Amino acid sequence: MALSIWEALAVFGAGTAAGAINTVVGSGTLITFPVLLATGLPPITANVSNTLGLVSGSVSGAIGYRGELKGQKNRVLRLGGTALVGGLVGAILLLSLPSDAFDAIVPVLIGIALLLVLLQPRIAAAVQRRREANGTEAHPDGGPVLLVGLFLASVYGGYFGAAQGVLYLSLMGLLIHDTLQRVNAVKNILGAVVNGVAAVFFLFVADFDWTAVLLIAVGSTIGGQIGAKVGRRLSPTVLRGVIIAVGIVAILQLTLR
């Protein structure tokens, strides 16, 4: 469908904002998806177009965080493979299930994720004390529990993806003994993997709007660089606060729409 100049500017602006917020936290879909619906796109077409458009933003954000990715190659490969499979499953489910299939459970998942983000320092400290008492060490990549959690989060990401980054950050922040910024860098890679595999699948089997895709792609690429510059300068406490604030907004938007 043809977009007016104002609709095009709105989609481009939403893509830029989404690219920035996805790089810092996640939940950029909560900005772009409503804007695409407002232009008259059907929900499934808007969702698919949004996923395709945000791929470049995810890649841009990951590049912006490349310094924090040093030394994490094996971790990225291990977790990325899980995200790839989960994202593909989610993309298939999007075209198979009713569009409101996850509406009831998603706000609950985000709420639990936010609680874990808030309590992560205390929980991690308690877990570390127990490990020291038992003479055990943390799994460098989070172990099987993290793989299962990331798979389920990636299924959701391939299906819709709003606040997917919050789920990733809560899981990895709790189960990986590393700084929040380095975990955030991995989150950006996982987001790129999920969006990428879903996008490739959608190219062959789903309807999408090329104008919307291109506008979001350009905007999110710019936004990804902006988000990386801002996000990398945030202290762990401030970054955790931003995650919680964005997550609360996501819950409100998902429950009130």
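**Salt bridges.** Before counting, I needed the rule: a salt bridge is a side-chain nitrogen of Lys or Arg within 4 Å of a carboxyl oxygen of Asp or Glu. With this rule I got three salt bridges. I also jotted down that the model is predicted.

I started with R232, which pairs with E68, and the closest N and O atoms are 3.0 Å apart. I checked where the two sit: R232 is in the loop between helix 9 and helix 10, while E68 is in the loop between helix 3 and helix 4 (73-94). That puts the partners 164 residues apart, so the pair links distant parts of the chain. Is E68 buried or exposed? I found E68 buried, because its relative accessible area is 15% and the cut-off for buried is under 20%. R232 came out partly exposed at 40%.

Next I looked at R75 and D178, whose side chains meet at 2.9 Å, N to O. R75 belongs to helix 4, and D178 lies in the loop between helix 7 (164-175) and helix 8, 103 residues apart. R75 counts as buried because its relative accessibility is 11%. D178 is partly exposed, with 26%.

Then I saw that D178 also meets R182 in a salt bridge, at 3.0 Å from N to O. R182 is partly exposed too, with a relative accessible area of 22%. I noted R75, D178 and R182 as a network of salt bridges.

**The whole chain.** I stepped back and looked at the fold. How many helices and strands are there? I listed 10 helices and zero strands. The C-alpha atoms fill a box of roughly 65 × 35 × 35 Å along the principal axes.

Among contacts with a separation of 6 or more, 84% are between residues 24 or more positions apart. The chain exposes about 11600 Å², and carbon and sulfur atoms supply 69% of that.

**Helix 1.** I followed helix 1, residues 5-24, from end to end. Helix 1 has 20 residues and reaches 29 Å from its first C-alpha to its last, close to the 28 Å expected. Its buried residues include A8, V11, G15, G19 and N22. What covers the buried residues of helix 1? I found helix 2 (29-38), helix 3 (43-64), helix 8, helix 9 and helix 10 (236-256) among the cover. Just after helix 1, I spotted G26 with a positive phi of about 135 degrees.

**A nonpolar patch.** Last, I checked the surface. I44, L95, V200, L203, F204, V205, W210 and L214 form a nonpolar patch there, with about 800 Å² of accessible area together. Helix 8 (180-205) and helix 9 (210-231) are the elements that give two or more residues to the patch. Which element gives the largest share? I got helix 8, with four residues. I picked out F204, which lies in helix 8. F204 is exposed because its relative accessible area is 71%, and exposed means over 50%.

Methods. Residues numbered from 1 in each chain as written. Predicted model: local features only at pLDDT ≥ 70, side-chain atom pairs only at ≥ 80, totals over all residues. Heavy atoms only, no water. Patch = residues over 30% accessible without salt bridge, like charges linked within 9 Å, V, L, I, M, F, W, Y side chains within 5 Å. Areas by Shrake-Rupley, 256 points an atom, 1.4 Å probe, with all protein chains shown as cover. Buried < 20%, exposed > 50% of the residue type's maximum accessible area, 1.4 Å probe, protein only. Expected span 1.5 Å × (residues − 1). Contact = heavy atoms within 4.5 Å.
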